Amino acid sequence: MSKTIPHFHMKKVLYAVLSVFSFAFFMFFYNQQVFAEVDLKELEKEVSQEQISSEMDDIIVMQNEVASILGSYEEIQNYGTVYIDRANGFKIVIGFKNEDLITNRIKNVLSEKLGEKVEFAVTDITYNELSKIKDDIFDNRESLESSGIHITSVGVDEENNKVNVIANKVDNLSIASQLFEEKYGGTDDIINFVFDPEAKNYMEFSRRDNHSILGGGIRLQLPDGGTCSTAFTATQGNTKFLATAGHCLNGDGSIIRQWSNNVGTDHVSYFQSRGFDIGLINVTNSGRKISNYIFANAVTYYDAKYTNSGSFLMNQYVCKAGITTNYTCGQVQETSTSYKDDVTGVTVKDVVKIYATGNTTEF
(Lines give C-alpha, C1' and ligand atoms only; values in the text may rest on other atoms or scores of the structure.)
Protein backbone atom coordinates (compact mmCIF):
# COMPACT_ATOMS: atom_id res chain seq x y z
CA MET A 1 0.00 0.00 0.00
CA SER A 2 2.54 2.57 -1.02
CA LYS A 3 2.00 5.98 -2.45
CA THR A 4 4.53 8.08 -4.31
CA ILE A 5 5.70 9.37 -0.91
CA PRO A 6 7.15 7.20 1.90
CA HIS A 7 4.21 5.23 3.32
CA PHE A 8 4.63 5.19 6.98
CA HIS A 9 2.88 4.12 10.35
CA MET A 10 -0.91 13.30 23.60
CA LYS A 11 1.68 15.06 24.60
CA LYS A 12 2.65 13.66 28.00
CA VAL A 13 4.90 15.04 30.69
CA LEU A 14 7.96 12.84 30.94
CA TYR A 15 8.79 13.68 34.51
CA ALA A 16 5.35 12.65 35.78
CA VAL A 17 6.11 9.11 34.68
CA LEU A 18 9.67 8.94 35.91
CA SER A 19 8.45 8.54 39.47
CA VAL A 20 6.94 5.23 38.35
CA PHE A 21 9.41 4.19 35.66
CA SER A 22 13.02 5.00 36.29
CA PHE A 23 15.55 3.50 33.99
CA ALA A 24 19.03 3.98 32.59
CA PHE A 25 20.14 4.49 29.04
CA PHE A 26 22.49 1.60 28.27
CA MET A 27 24.92 2.18 25.40
CA PHE A 28 27.77 0.23 23.84
CA PHE A 29 30.01 2.42 21.71
CA TYR A 30 32.25 0.94 19.06
CA ASN A 31 33.53 3.23 16.31
CA GLN A 32 30.58 5.45 17.30
CA GLN A 33 28.04 3.01 15.82
CA VAL A 34 25.71 0.53 17.43
CA PHE A 35 23.37 -1.66 15.41
CA ALA A 36 20.34 -3.69 16.42
CA GLU A 37 20.81 -7.43 16.61
CA VAL A 38 19.05 -9.08 13.68
CA ASP A 39 19.33 -12.76 12.76
CA LEU A 40 20.27 -12.26 9.11
CA LYS A 41 20.36 -15.99 8.33
CA GLU A 42 16.81 -16.29 9.59
CA LEU A 43 15.69 -13.33 7.52
CA GLU A 44 17.32 -14.73 4.37
CA LYS A 45 15.05 -17.77 4.44
CA GLU A 46 12.20 -18.05 2.00
CA VAL A 47 8.95 -18.59 3.89
CA SER A 48 6.27 -20.82 2.40
CA GLN A 49 2.61 -19.89 2.42
CA GLU A 50 1.92 -23.22 4.12
CA GLN A 51 4.23 -22.35 7.02
CA ILE A 52 2.69 -18.91 7.43
CA SER A 53 -0.81 -20.40 7.39
CA SER A 54 0.07 -23.10 9.92
CA GLU A 55 1.66 -20.62 12.30
CA MET A 56 -1.29 -18.25 11.96
CA ASP A 57 -3.67 -21.05 12.93
CA ASP A 58 -1.75 -21.55 16.20
CA ILE A 59 -1.59 -17.82 16.84
CA ILE A 60 -5.34 -17.44 16.36
CA VAL A 61 -6.00 -20.35 18.73
CA MET A 62 -3.81 -18.67 21.37
CA GLN A 63 -5.43 -15.26 20.92
CA ASN A 64 -8.98 -16.59 20.95
CA GLU A 65 -8.39 -18.65 24.12
CA VAL A 66 -6.80 -15.66 25.88
CA ALA A 67 -9.71 -13.47 24.79
CA SER A 68 -12.21 -15.97 26.18
CA ILE A 69 -10.51 -15.78 29.59
CA LEU A 70 -9.63 -12.07 29.77
CA GLY A 71 -12.50 -10.61 27.74
CA SER A 72 -10.18 -9.44 24.95
CA TYR A 73 -6.78 -10.55 23.74
CA GLU A 74 -5.28 -7.08 24.28
CA GLU A 75 -5.82 -7.45 28.05
CA ILE A 76 -2.80 -9.77 28.17
CA GLN A 77 -0.66 -6.65 27.65
CA ASN A 78 -1.39 -5.78 31.30
CA TYR A 79 -0.01 -9.14 32.43
CA GLY A 80 3.25 -9.41 30.50
CA THR A 81 4.60 -9.89 26.98
CA VAL A 82 4.07 -12.23 24.02
CA TYR A 83 6.47 -13.06 21.21
CA ILE A 84 7.50 -15.88 18.88
CA ASP A 85 10.73 -17.76 19.55
CA ARG A 86 12.37 -19.00 16.35
CA ALA A 87 15.57 -20.36 17.90
CA ASN A 88 14.29 -23.91 17.41
CA GLY A 89 11.50 -23.58 14.90
CA PHE A 90 8.29 -21.94 16.09
CA LYS A 91 7.11 -21.39 19.64
CA ILE A 92 4.78 -18.81 21.18
CA VAL A 93 6.36 -17.45 24.37
CA ILE A 94 4.15 -15.71 26.93
CA GLY A 95 5.90 -13.93 29.79
CA PHE A 96 3.89 -13.12 32.92
CA LYS A 97 5.02 -10.47 35.39
CA ASN A 98 2.91 -11.91 38.20
CA GLU A 99 1.27 -15.28 38.80
CA ASP A 100 -2.35 -15.61 39.87
CA LEU A 101 -5.41 -17.75 39.24
CA ILE A 102 -6.04 -16.09 35.88
CA THR A 103 -2.51 -16.62 34.54
CA ASN A 104 -2.60 -20.22 35.77
CA ARG A 105 -5.84 -20.75 33.87
CA ILE A 106 -4.28 -19.31 30.71
CA LYS A 107 -1.30 -21.64 31.12
CA ASN A 108 -3.46 -24.69 31.58
CA VAL A 109 -5.77 -23.97 28.65
CA LEU A 110 -3.01 -23.08 26.18
CA SER A 111 -0.83 -26.00 27.24
CA GLU A 112 -3.75 -28.30 26.50
CA LYS A 113 -4.58 -26.64 23.17
CA LEU A 114 -1.08 -25.99 21.79
CA GLY A 115 1.21 -28.39 23.64
CA GLU A 116 4.88 -27.73 22.90
CA LYS A 117 4.03 -24.83 20.59
CA VAL A 118 3.58 -22.56 23.61
CA GLU A 119 5.99 -21.76 26.42
CA PHE A 120 5.63 -19.62 29.53
CA ALA A 121 8.26 -17.42 31.16
CA VAL A 122 8.67 -14.82 33.89
CA THR A 123 9.14 -11.19 32.88
CA ASP A 124 9.85 -8.16 35.04
CA ILE A 125 7.82 -5.76 32.89
CA THR A 126 4.56 -5.82 30.92
CA TYR A 127 3.92 -4.78 27.34
CA ASN A 128 1.85 -1.79 28.50
CA GLU A 129 4.67 -0.62 30.77
CA LEU A 130 7.15 -0.84 27.91
CA SER A 131 4.70 0.94 25.63
CA LYS A 132 4.29 3.78 28.13
CA ILE A 133 8.06 4.26 28.31
CA LYS A 134 8.18 4.22 24.50
CA ASP A 135 5.51 6.94 24.31
CA ASP A 136 7.23 9.10 26.93
CA ILE A 137 10.56 9.04 25.11
CA PHE A 138 8.97 9.64 21.72
CA ASP A 139 6.76 12.48 22.95
CA ASN A 140 9.86 14.19 24.39
CA ARG A 141 12.06 13.75 21.32
CA GLU A 142 12.10 17.51 20.63
CA SER A 143 13.85 18.20 23.93
CA LEU A 144 16.26 15.35 23.15
CA GLU A 145 16.96 16.89 19.74
CA SER A 146 17.86 20.17 21.44
CA SER A 147 20.47 18.14 23.32
CA GLY A 148 21.86 16.74 20.08
CA ILE A 149 20.08 13.35 19.98
CA HIS A 150 18.03 12.95 16.79
CA ILE A 151 15.60 10.03 17.21
CA THR A 152 14.07 8.37 14.16
CA SER A 153 11.94 5.77 15.93
CA VAL A 154 11.11 4.29 19.33
CA GLY A 155 9.66 0.78 19.53
CA VAL A 156 8.70 -2.01 21.92
CA ASP A 157 10.91 -5.13 21.92
CA GLU A 158 8.88 -7.83 23.68
CA GLU A 159 11.44 -10.57 23.20
CA ASN A 160 14.16 -8.71 25.11
CA ASN A 161 11.83 -6.70 27.39
CA LYS A 162 13.28 -3.43 26.17
CA VAL A 163 12.45 -0.22 24.38
CA ASN A 164 14.47 0.23 21.18
CA VAL A 165 15.54 3.83 20.53
CA ILE A 166 16.96 4.43 17.04
CA ALA A 167 18.91 7.65 16.35
CA ASN A 168 20.57 8.73 13.11
CA LYS A 169 22.48 11.66 14.57
CA VAL A 170 24.15 12.14 17.95
CA ASP A 171 26.26 15.29 18.32
CA ASN A 172 28.31 13.90 21.18
CA LEU A 173 28.01 10.28 22.29
CA SER A 174 29.50 10.77 25.74
CA ILE A 175 27.23 13.74 26.45
CA ALA A 176 24.23 11.76 25.15
CA SER A 177 25.08 8.89 27.46
CA GLN A 178 25.40 11.23 30.42
CA LEU A 179 22.13 12.96 29.54
CA PHE A 180 20.16 9.73 29.56
CA GLU A 181 21.84 8.60 32.77
CA GLU A 182 20.70 11.84 34.41
CA LYS A 183 17.15 11.70 33.02
CA TYR A 184 16.49 7.99 33.30
CA GLY A 185 18.82 6.87 36.09
CA GLY A 186 17.95 3.45 37.53
CA THR A 187 18.07 -0.01 36.00
CA ASP A 188 20.40 -0.48 33.04
CA ASP A 189 18.48 -2.97 30.92
CA ILE A 190 15.20 -1.45 29.74
CA ILE A 191 16.47 0.72 26.85
CA ASN A 192 18.42 -0.45 23.83
CA PHE A 193 19.95 2.55 22.06
CA VAL A 194 20.95 2.07 18.43
CA PHE A 195 23.00 4.73 16.64
CA ASP A 196 22.53 4.17 12.91
CA PRO A 197 23.51 7.09 10.64
CA GLU A 198 21.49 5.56 7.79
CA ALA A 199 18.29 5.08 9.79
CA LYS A 200 15.22 6.45 8.05
CA ASN A 201 11.59 6.89 8.98
CA TYR A 202 9.54 4.36 7.39
CA MET A 203 8.65 4.79 3.55
CA GLU A 204 -1.87 -12.18 -17.08
CA PHE A 205 -4.13 -11.28 -13.99
CA SER A 206 -2.76 -7.90 -13.28
CA ARG A 207 -2.95 -5.46 -10.42
CA ARG A 208 -3.26 -2.95 -13.25
CA ASP A 209 -6.78 -3.93 -14.33
CA ASN A 210 -10.24 -2.53 -13.72
CA HIS A 211 -11.46 -5.38 -11.53
CA SER A 212 -15.19 -6.03 -11.39
CA ILE A 213 -14.57 -8.01 -8.18
CA LEU A 214 -12.56 -5.95 -5.71
CA GLY A 215 -10.11 -7.49 -3.27
CA GLY A 216 -6.78 -6.77 -1.61
CA GLY A 217 -3.50 -5.97 -3.35
CA ILE A 218 -4.80 -4.20 -6.48
CA ARG A 219 -3.97 -0.71 -7.73
CA LEU A 220 -5.72 2.51 -6.80
CA GLN A 221 -5.22 5.84 -8.57
CA LEU A 222 -5.41 9.00 -6.51
CA PRO A 223 -6.59 12.48 -7.58
CA ASP A 224 -3.00 13.83 -7.39
CA GLY A 225 -1.76 11.11 -9.76
CA GLY A 226 -0.20 8.98 -7.04
CA THR A 227 -0.85 5.27 -6.67
CA CYS A 228 -1.76 3.11 -3.68
CA SER A 229 -3.08 -0.39 -3.12
CA THR A 230 -6.18 -1.93 -1.62
CA ALA A 231 -5.61 -3.77 1.65
CA PHE A 232 -8.97 -5.44 2.21
CA THR A 233 -12.70 -4.80 1.90
CA ALA A 234 -15.36 -4.09 4.50
CA THR A 235 -19.04 -3.32 4.87
CA GLN A 236 -21.27 -1.30 7.16
CA GLY A 237 -24.86 -2.13 6.50
CA ASN A 238 -25.27 -1.86 2.72
CA THR A 239 -22.25 0.43 2.30
CA LYS A 240 -19.15 -1.14 0.77
CA PHE A 241 -15.62 0.03 1.57
CA LEU A 242 -12.06 -0.48 0.41
CA ALA A 243 -9.38 -0.12 3.08
CA THR A 244 -6.02 1.39 2.18
CA ALA A 245 -3.22 3.35 3.83
CA GLY A 246 -4.31 6.56 5.50
CA HIS A 247 -1.54 8.57 3.86
CA CYS A 248 -3.16 7.80 0.50
CA LEU A 249 -6.34 9.71 1.38
CA ASN A 250 -7.48 13.08 2.71
CA GLY A 251 -11.04 12.22 3.74
CA ASP A 252 -12.31 14.96 1.43
CA GLY A 253 -14.83 13.02 -0.66
CA SER A 254 -12.75 13.24 -3.83
CA ILE A 255 -13.08 10.66 -6.59
CA ILE A 256 -10.84 7.58 -6.31
CA ARG A 257 -10.14 5.30 -9.26
CA GLN A 258 -9.37 1.59 -9.21
CA TRP A 259 -6.91 1.44 -12.07
CA SER A 260 -8.58 3.83 -14.58
CA ASN A 261 -12.30 3.76 -13.73
CA ASN A 262 -14.01 5.58 -10.89
CA VAL A 263 -14.61 3.21 -8.00
CA GLY A 264 -15.78 5.48 -5.18
CA THR A 265 -15.00 8.44 -2.95
CA ASP A 266 -12.34 9.30 -0.39
CA HIS A 267 -14.33 8.56 2.77
CA VAL A 268 -11.96 8.99 5.73
CA SER A 269 -8.25 9.13 6.66
CA TYR A 270 -6.79 9.04 10.15
CA PHE A 271 -3.23 9.74 8.99
CA GLN A 272 -3.01 13.53 9.34
CA SER A 273 -5.57 13.86 12.15
CA ARG A 274 -4.68 10.98 14.45
CA GLY A 275 -1.44 9.47 13.20
CA PHE A 276 -2.95 6.09 12.35
CA ASP A 277 -2.16 5.03 8.79
CA ILE A 278 -5.53 3.69 7.70
CA GLY A 279 -8.16 5.07 5.37
CA LEU A 280 -11.46 4.01 3.78
CA ILE A 281 -12.89 4.44 0.30
CA ASN A 282 -16.68 4.36 -0.11
CA VAL A 283 -17.38 2.08 -3.10
CA THR A 284 -20.10 3.93 -5.04
CA ASN A 285 -19.62 2.20 -8.41
CA SER A 286 -22.59 -0.18 -8.53
CA GLY A 287 -20.81 -2.36 -11.09
CA ARG A 288 -18.11 -3.37 -8.62
CA LYS A 289 -18.53 -6.21 -6.17
CA ILE A 290 -16.32 -6.66 -3.10
CA SER A 291 -14.80 -9.89 -1.85
CA ASN A 292 -12.39 -11.31 0.71
CA TYR A 293 -9.93 -12.22 -2.07
CA ILE A 294 -6.31 -11.03 -2.12
CA PHE A 295 -3.94 -10.68 -5.07
CA ALA A 296 -0.66 -12.26 -3.91
CA ASN A 297 1.14 -13.84 -6.90
CA ALA A 298 -1.92 -14.32 -9.06
CA VAL A 299 -1.79 -15.53 -12.68
CA THR A 300 -5.39 -16.07 -13.71
CA TYR A 301 -7.37 -15.00 -10.61
CA TYR A 302 -6.98 -13.92 -7.00
CA ASP A 303 -4.81 -16.53 -5.28
CA ALA A 304 -5.33 -15.80 -1.56
CA LYS A 305 -8.16 -14.71 0.69
CA TYR A 306 -8.87 -13.14 4.04
CA THR A 307 -10.00 -15.72 6.61
CA ASN A 308 -9.48 -14.23 10.07
CA SER A 309 -7.63 -11.54 12.00
CA GLY A 310 -5.41 -11.26 15.05
CA SER A 311 -2.83 -9.13 16.81
CA PHE A 312 0.80 -9.06 15.71
CA LEU A 313 3.39 -11.06 17.64
CA MET A 314 7.08 -10.32 17.71
CA ASN A 315 9.07 -12.54 15.27
CA GLN A 316 5.89 -13.54 13.44
CA TYR A 317 6.14 -13.88 9.66
CA VAL A 318 3.73 -11.64 7.76
CA CYS A 319 3.23 -10.87 4.08
CA LYS A 320 1.59 -8.12 2.06
CA ALA A 321 0.63 -7.50 -1.54
CA GLY A 322 0.60 -4.20 -3.39
CA ILE A 323 1.27 -2.28 -6.59
CA THR A 324 4.76 -0.99 -5.71
CA THR A 325 6.49 -4.01 -4.19
CA ASN A 326 4.17 -6.82 -5.32
CA TYR A 327 4.10 -9.75 -2.85
CA THR A 328 6.65 -9.43 -0.05
CA CYS A 329 7.14 -11.06 3.32
CA GLY A 330 8.86 -10.00 6.52
CA GLN A 331 9.37 -10.75 10.18
CA VAL A 332 7.90 -8.61 12.94
CA GLN A 333 10.66 -6.93 14.96
CA GLU A 334 8.60 -4.48 17.01
CA THR A 335 4.87 -4.69 17.64
CA SER A 336 4.45 -0.99 18.45
CA THR A 337 6.63 1.74 16.97
CA SER A 338 6.12 5.51 16.79
CA TYR A 339 8.03 8.11 14.80
CA LYS A 340 7.68 11.40 12.98
CA ASP A 341 7.54 11.17 9.20
CA ASP A 342 10.18 13.54 7.83
CA VAL A 343 8.36 14.11 4.52
CA THR A 344 4.84 14.81 5.80
CA GLY A 345 5.68 15.93 9.33
CA VAL A 346 2.97 13.60 10.63
CA THR A 347 3.57 11.84 13.93
CA VAL A 348 2.78 8.18 13.25
CA LYS A 349 1.78 6.04 16.24
CA ASP A 350 1.66 2.40 17.14
CA VAL A 351 2.73 0.80 13.85
CA VAL A 352 4.47 -2.53 13.37
CA LYS A 353 8.16 -2.59 12.42
CA ILE A 354 9.05 -5.39 10.02
CA TYR A 355 12.30 -6.64 8.50
CA ALA A 356 12.21 -8.14 5.02
CA THR A 357 12.90 -11.85 4.58
CA GLY A 358 14.12 -14.01 1.72
CA ASN A 359 14.77 -12.23 -1.58
CA THR A 360 12.64 -9.25 -0.61
CA THR A 361 14.48 -5.93 -0.75
CA GLU A 362 11.60 -3.84 0.54
CA PHE A 363 8.73 -4.50 2.90
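Student: Which hand does the link of Cys319 and Cys329 have?

Tutor: That link is right-handed, with 100° about the S-S bond. Keep in mind that this is a predicted model. The sulfur atoms of Cys319 and Cys329 are 2.0 Å apart.

Student: Where in the chain do the two partners sit?

Tutor: Cys319 belongs to strand β18 (residues 317-322) and Cys329 to strand β19 (residues 326-340), ten residues apart.

Student: Are these two cysteines buried or exposed?

Tutor: Look at the relative accessible area; under 20% counts as buried. Cys329 has 10%, so it is buried. Cys319 has 27%, so it is partly exposed.

Student: How many disulfides does the count come to?

Tutor: Two. Cys228 and Cys248 form a disulfide as well, with 1.8 Å between their sulfur atoms. Here the angle about the S-S bond is -85°, and the link is left-handed. This pair also joins distant parts of the chain: Cys228 is in strand β10 (residues 227-229), while Cys248 lies in the loop between β12 (239-244) and β13 (255-258), 20 residues away. Both Cys228 and Cys248 are buried.

Student: What pattern do the disulfides follow?

Tutor: Count the bonded cysteines along the chain, and you get 1-2, 3-4.

Student: Okay, on to sheets. How do strands pair?

Tutor: Strands of a sheet pair through backbone hydrogen bonds, either parallel or antiparallel. In this model, three strands make an open sheet, ordered β2-β3-β4, with mixed pairing. β2 (80-85) and β4 (118-122) are the edge strands, each pairing on one side only. From one strand to the next, the twist averages 25°.

Student: In which sense do β3 and β4 pair?

Tutor: Parallel, over five bridges, with β3 covering residues 91-96. To find a spot to look at, go to Ile94, which stands opposite Phe120 in β4.

Student: Which helix packs on the sheet?

Tutor: Helix α4 (residues 101-114) does, touching β3 and β4, and its direction makes about 155° with that of β4.

Student: And why is α5 largely enclosed by the rest of the structure?

Tutor: Because eleven of its 13 residues are buried. Among them are Tyr127, Leu130, Ile133, Ile137 and Phe138, and also Lys134 and Asp135. As for its length, helix α5 (residues 127-139) reaches 18 Å from its first C-alpha to its last, close to the 18 Å expected at 1.5 Å a residue.

Note on methods. Residues numbered from 1 in each chain as written. Predicted model: local features only at pLDDT ≥ 70, side-chain atom pairs only at ≥ 80, totals over all residues. Heavy atoms only, no water. Helix = DSSP H or I, 4+ residues; strand = E, 2+ residues; numbered from the N terminus. Expected span 1.5 Å × (residues − 1). Buried < 20%, exposed > 50% of the residue type's maximum accessible area, 1.4 Å probe, protein only. Pairing = 2+ DSSP bridges. Axes fitted to C-alpha atoms, helices over the stretch in contact; angles between N-to-C directions. Contact = heavy atoms within 4.5 Å. Disulfide = S-S within 2.5 Å.
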